[in-house]
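Subject: Handover of a structure for your review

Dear colleague,

Please find below the sequence and structure that I am handing over to you. My findings follow, and I would be grateful if you read them with the structure open.

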Amino acid sequence: RHALGAIRSTLLLGASPNPAPKVTSLAFRLSQAQNVYLSVVDAQGRRVRTLQQGSLPAGEHARFWDGADDNGKAAPAGLYFRVLITPEGRQSSRFVLMR
């Protein structure tokens, strides 16, 4: 953090818990107010669930994933990626869903 408390970069933070038994919190930090697209994709790169799409203020945020796809169907256990896309770029990190 900057001396005045300003956030210097947009960053994916932790997935908690990981591995996730049912619900996981996917946290991220925004350096400024901006449009955000946060999704969960499977190991083959297919979008499973959109968790955020739209503008958010600067600061730390979290979205919860309940292990279901966009249609409410339970996703199988396995490796997943959270993908954060902002005007500043694209970031991703992996996490595990257990059943």
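Where is Gly72 found? Gly72 belongs to the loop between β5 and β6. With a relative accessible area of 56%, Gly72 is above the 50% limit and is therefore exposed. Along the sequence, Gly72 and Arg49 are 23 residues apart, while their C-alpha atoms are 9.2 Å apart in space.

**Confidence in the model**

Please note that this is a predicted model. The average pLDDT of the protein chain is 90, and 92% of the residues score at least 70. Over residues 1–5, however, pLDDT stays under 50, and the model has 5 contacts beyond four places in sequence for this stretch. Where pLDDT is low, the predicted coordinates should not be read in detail.

**Salt bridges**

How many salt bridges does a search of the whole structure find? The search finds 3.

One of them joins the side chains of Asp42 and Arg46, with a distance of 2.9 Å from N to O. Asp42 has a relative accessibility of 11%, so it counts as buried.

Another is formed by Arg47 and Asp70, whose closest N and O atoms are 2.1 Å apart. This pair links distant parts of the chain, since Arg47 is in strand β4 (residues 47–56) and Asp70 is in the loop between β5 (59–65) and β6 (78–86), 23 residues apart. Arg47 counts as partly exposed at 48% relative accessibility, and Asp70 is also partly exposed, with a relative accessible area of 39%.

Arg49 and Asp66 form a salt bridge as well, and here the closest N and O atoms are 2.7 Å apart. Distant parts of the chain are again linked: Arg49 is in strand β4 and Asp66 in the loop between β5 and β6, 17 residues apart. Asp66 is partly exposed, with a relative accessible area of 41%.

**The nonpolar core**

Which residues have the most contacts inside the largest nonpolar core? They are Leu26, Phe28, Val40, Trp65, Tyr80 and Phe95, in a core of 18 residues. The elements that give two or more residues to this core are β1 (11–16), β2 (24–30), β3 (34–42), β4, β6 and β7.

Two of these residues may be followed in the structure. Phe95 lies in strand β7. Is Phe95 buried or exposed? Its relative accessible area is 1%, which is under the 20% limit, so Phe95 is buried. Leaving aside neighbours within four places in sequence, the contacts of Phe95 include Ala15, Leu26, Val40, Trp65 and Tyr80. By the same rule, Trp65 is in contact with residues including Val23, Leu26, Val40, Leu51, Tyr80 and Phe95. Phe95 and Asn35 are 60 residues apart along the chain, and 24 Å separates their C-alpha atoms.

**Other buried residues**

Ser39 has its place in strand β3. Its relative accessible area is 3%, and Ser39 is therefore buried. Not counting residues up to four places away in sequence, Ser39 touches Arg47, Arg49, Thr50, Leu51, Phe81, Arg82 and Val83. Among them, Arg47 forms the salt bridge with Asp70, and Arg49 forms the one with Asp66.

Arg29 lies in strand β2. A relative accessible area of 18% is under the 20% limit, so Arg29 is buried. Arg29 and Gly89 are 60 residues apart in sequence, with 13 Å from C-alpha to C-alpha.

**A patch on the surface**

Which residues form a nonpolar patch on the surface? Leu79, Val96 and Met98 do, and together they have about 210 Å² of accessible area. Val96 is in strand β7 (residues 89–97). At 33% relative accessibility, a value between 20% and 50%, Val96 counts as partly exposed.

**Cis peptide bonds**

Most peptide bonds are trans. A cis peptide bond, however, joins Ser16 and Pro17, with omega at about -5°. Another cis peptide bond joins Asn18 and Pro19, where omega is about 10°. Pro17 has its place in the loop between β1 and β2, and Pro19 lies in the loop between β1 and β2.

Yours sincerely

Key:
Residues are numbered from 1 along each chain as its sequence is written. This is a predicted model: local features need pLDDT of at least 70, side-chain atom pairs count only at pLDDT 80 or more; totals for chains, interfaces and linings use all residues. Side-chain values use heavy atoms; hydrogens and water are left out. A salt bridge is a side-chain nitrogen of Lys or Arg within 4 Å of a carboxyl oxygen of Asp or Glu. Buried means under 20% relative accessible area, exposed over 50%, partly exposed in between (1.4 Å probe, protein chains only). Helices (H or I, at least four residues) and strands (E, at least two) are DSSP runs, numbered from the N terminus. pLDDT is the predictor's confidence in each residue, from 0 to 100. Contact means heavy atoms within 4.5 Å. Patches are made of residues with over 30% relative accessible area and no salt bridge: like charges are joined within 9 Å, nonpolar side chains (Val, Leu, Ile, Met, Phe, Trp, Tyr) within 5 Å. Accessible areas come from the Shrake-Rupley method with a 1.4 Å probe; for residues, only the protein chains shown count as cover. A nonpolar core is a set of buried Ala, Val, Leu, Ile, Met, Phe, Trp, Tyr and Cys residues joined through side-chain atoms within 4.5 Å.
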